[in-house]
Amino acid sequence: RTVEPLEYYRRFLKENCRPDGRELGEFRTTTVNIGKCLCSITTADGSALVKLGNTTVICGVKAELAAPAADSADKGYIVPNVELPSLCAERFRSGPPGEEAQAASQFIADVIENSQMIVKEDLCIANGKLAWVLYCDIICLDYDGNLLDASVFALLAALKNVQLPSVTINEETGLSEVNLKQKNPLIIRKHPVATSFAVFDDTLLIVDPTAEEEDLATGTVTIVTDEEGRLCSVHKPGGSPLTGAKLQDCITRAITRHKEVKKLIDKVIKSITPK
Amino acid sequence: GVMERSREQLLRQTCEAVVLGVLHPRTSITLVLQVLSDAGSLLACCLNASCMVLLDAGLPLTSLFCGVTCALQLDGTILLDPTARQEQEARAVLTFAIASSERKVLMANTKGSCSVEEMQQCLAAAQRAADTIFQFYRDSVRRRYSK
């Protein structure tokens, strides 16, 4: 396994399974903890902790007030930030964010924009004067492959948990008044779910790669679908070439995965909402 | 910024997939791309520029690749190589890097959402358009070396 990792893997892939016992199309056990009681972040407006096998990602959402931009006076802001601190894997050094973290942040920003899961107009409080800014910080605590899937899932779970206090603008003083007692949940229109695949030897596609598998793979594909079966993102950053048919297989698997994840998230949300 | 890093990652991994790195051990290949003007389809233009420069440098490649951008307009029509204005008005903009061997997909990047059928249609259109671009590569290289 240490001397000839590729050969070791090829022997398993020939039997259509992987060293950890999974099938080629099987995901690792996914667990999600949402909210102030189960998840550790008490200062955030919404938080979620997702574990995909060993990969652990925590997402905290903080809402702040700001003036909207001049050219889009009725839109708020959503600012995602993915951090890969040096504690999650030995390849990440401390210092400015590396390329992987920045590319992941851009990917999450694209997913939010493409899927329209949060419409920026919903974040506006007073046209041209006040709007919400949602700072979504996604931090990886343990990196064992498949960062993008876990991040998207953590973001979705955290946003579902966000409770925004109601804000009114005082007519006379022009100042905003925040009412912390009255909270409304965020309106989430779409639920995007990401599914990642690793390509081996230009032909074999395996779902949910671990860090070891990602290193040996010749390419990766990430497909983000929403509940209507629409594609929010097809992210294939280079790597071995794939035919259209193989991409189609990935998409079909991604759609099935979406249903599983949606069921899991609904179950967890229902268990934490007070009756 | 973050957008540039993301583009660099896409370009780098696409180039890494075609360049035969084993023939050049302990070598660093640096591609510097400077955007002179952006009038739409920027990523596809970067991909084409990268491939041509790798050709010009004489690096051993497994296949050529070309970048094609498709814009899905609101009424469902597919527009190839959109201008900046068309990209903004489109429902979805998909960029593919198509390899010259068997027209396989090397890189895919989407902006906006579309249905699965629409994506497949765009991919098919991009694969057809790739023929035109590869012909352009051939003509350019021929012109360069015919003097």
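**A tour of loops, pockets and a cavity**

Start by selecting B:Arg103, which counts as partly exposed because its relative accessibility is 22% (buried means under 20% relative accessible area, exposed over 50% and partly exposed in between, with a 1.4 Å probe and protein chains only). The model is predicted, so local features need pLDDT of at least 70 and side-chain atom pairs pLDDT 80 or more, whereas totals for chains, interfaces and linings use all residues. Residues are numbered from 1 along each chain as written, chains are lettered from A and ligands numbered from 1 in written order, and side-chain values use heavy atoms, without hydrogens or water.

**Loops of chain B**

Although B:Arg103 is not a glycine, its phi is positive, near 50°.

Next select B:Ser41, another residue that is not a glycine and yet has a positive phi, here about 55°. B:Ser41 lies in the loop between helix 1 and helix 2 of chain B, and with a relative accessible area of 5% it is buried.

Is B:Leu31 buried, exposed or partly exposed? Select B:Leu31 in the loop between helix 1 (2-18) and helix 2 (42-57) of chain B; B:Leu31 counts as partly exposed, because its relative accessibility is 30%.

**The largest pocket**

Now turn to the largest pocket, which holds about 1200 Å³ of space (a pocket is an open set of points on a 1 Å grid, with protein on both sides within 12 Å along at least five of seven lines, and lining residues have an atom within 4 Å of a point). To find the centre of the largest pocket, select A:Asp110, A:Glu113, A:Asn114, B:Lys111 and B:Gly112, the closest to it of the 44 lining residues. Both chains give elements with two or more lining residues, among them strand 4 (77-83) of chain A and helix 3 (84-89) of chain B. Which element gives the largest share of this lining? Select helix 3 of chain A, which supplies 9 residues.

**The second largest pocket**

Move on to the second largest pocket, with a volume of about 970 Å³ (a volume is the space filled by probe spheres set on grid points joined across faces, edges and corners). Of the 39 residues that line the second largest pocket, select A:Thr218, A:Gly219, A:Thr220, A:Pro237 and B:Gln13, which lie nearest its centre. Elements with two or more residues in this lining include helix 5 (211-216) and strand 11 (219-225) of chain A, while helix 1 of chain B gives the most, with 6 residues.

**The cavity**

Finish at the largest cavity, which has about 60 Å³ of space (in a cavity a 1.4 Å probe fits but cannot get out); the count is 1 cavity of 30 Å³ or more. Select its lining: A:Leu52, A:Asp149, A:Ala150, A:Val152, A:Phe153, A:Val193, A:Ala194, A:Arg257 and A:Val261.

Note on methods:
Helix = DSSP H or I, 4+ residues; strand = E, 2+ residues; numbered from the N terminus.
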